[in-house]
Amino acid sequence: MISLDEIKQAQEAISKLARCTPLEYSTSLTNLTGNEIYLKAENLQKTGSFKIRGAYNKIRLLSPEERKKGVLAASAGNHAQGVAYAASFAGIKSTIVMPETAPLTKISATKSYGAEVVLHGENYDDAYQKADEIRAETGQIFIHAFNDPAVISGQGTLGLEIFAQLPDVDVVLAPIGGGGLIAGTALALKELNPRIKLIGVQAAGAPAMYLSKQLDKLHYLKSVSTIADGIAIKRPGDLTFEIIRRYVDDILTVDDEEISSAILFLLERAKLVVEGAGAVGVAALIHGKLAVRGKKIAVVLSGGNIDVNIVSRIIERGLVKTGRSVRLVTSIPDRPGELRKLLQLVAEAKANVIGVYHERVEPQVPLGKAKVELRLETKNKQHAEGIVYFLAKEGYQVQLI
């Protein structure tokens, strides 16, 4: 197993490469939850996630003979970047197998750190199988994403940092995929202070460790489906599971809608770009999954490597969901000045028009009429509903989409 001393040794070694990330107080989450909330911003770590901690700790322990062979890893993205960066720092060749579905930002970043990237399969487990084949052919040293004592010890340095930054912390929320992050963090914190509660958060679409803890035995999934690609793991580690059984108090799950809302919340309120896996702890908080009050809670934002296209879709969906982006459909007389009149009324209602679609030849549009669809920026759902009421008073039949 792993000792606290090994984690402390890892901390001293990785300080050459990894940075001590900030633990920031969140006024918004504190007011929302009734707890004192702090955000451990590992999204600001080098390579954009905590993974560099475990990767470099593993690489630093390799023998000269092993270094000559080079290193190999399988990853959905963050471990890939951590291994590539750490290997480059150590002057070692690296090969990374990534799923074909990995975000383009993570693929290009991994290549930019000097790794040879092989794309294979739809998820981490497919990539892992391919990496195992390459290892058998080349003899490269495989660096597991989570189920390795040196990797877990490296991730545990995050727990040492939290304890140094907030010694009286009551609860720590951390994401779970394969379990390496929370295993190392929990071991470090529980050994320093057994009263600290460790709560893992997993995506509902990939709940392997959650089910394993419920069943008290390792449970493997046949498939996973979640926007939190960094924790979309079908087979959690046996080593990480044993540590989690001993040190982690509970595991919660959050669905993709909750994760999306947490990403948007962090963008708007904390000014932090956080990927799906990194946002699950905040998702659990803002959706009331944690039944505690008046506690000091540290939430690990494990990474910030999110594709900008996903960010765009999350923002769009979030605006629609909160009533800040709406579509109205109505009809107007098909004569000059009527569209201008409608738009003037919308302006009086304090909405911003960002799109107009005007159609008069569709079969379902009566002769002498024109269908108008407006896309509007509004303040909230109440504002949007008020606009519908206002236009109805002016004689328009309006449908809010």
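Visitor: Which helix gives the largest share of the lining of the largest pocket?

Guide: Helix 14 does, with 4 residues. This is a predicted model, in which local features need pLDDT of at least 70 and side-chain atom pairs pLDDT 80 or more, while totals for chains, interfaces and linings use all residues. Residues are numbered from 1 along each chain as its sequence is written, and side-chain values use heavy atoms, without hydrogens and water.

Visitor: What makes a residue part of the lining of a pocket?

Guide: On a 1 Å grid over the protein atoms alone, a pocket is an open set of points where a 1.4 Å probe fits, with protein on both sides within 12 Å along at least five of seven lines; a lining residue has an atom within 4 Å of a point. For the largest pocket 22 residues line the space, and Thr101, Thr226, Ile227, Asp229 and Ile310 lie nearest its centre.

Visitor: Why are strand 3 and strand 4 called paired?

Guide: Pairing requires at least two bridges found by DSSP. Strand 3 (residues 71-74) and strand 4 (residues 94-98) have 4 bridges in the parallel sense, and are therefore paired. Here a strand is a DSSP run of E with at least two residues, and a helix a run of H or I with at least four, numbered from the N terminus.

Visitor: Which residue stands opposite Val71?

Guide: Ser94 in strand 4 does.

Visitor: Which strands are the edge strands, and how is that known?

Guide: The open sheet has 4 strands in the order 5-4-3-6. Strand 5 (116-119) and strand 6 (141-142) each pair on one side only, and are therefore its edges.
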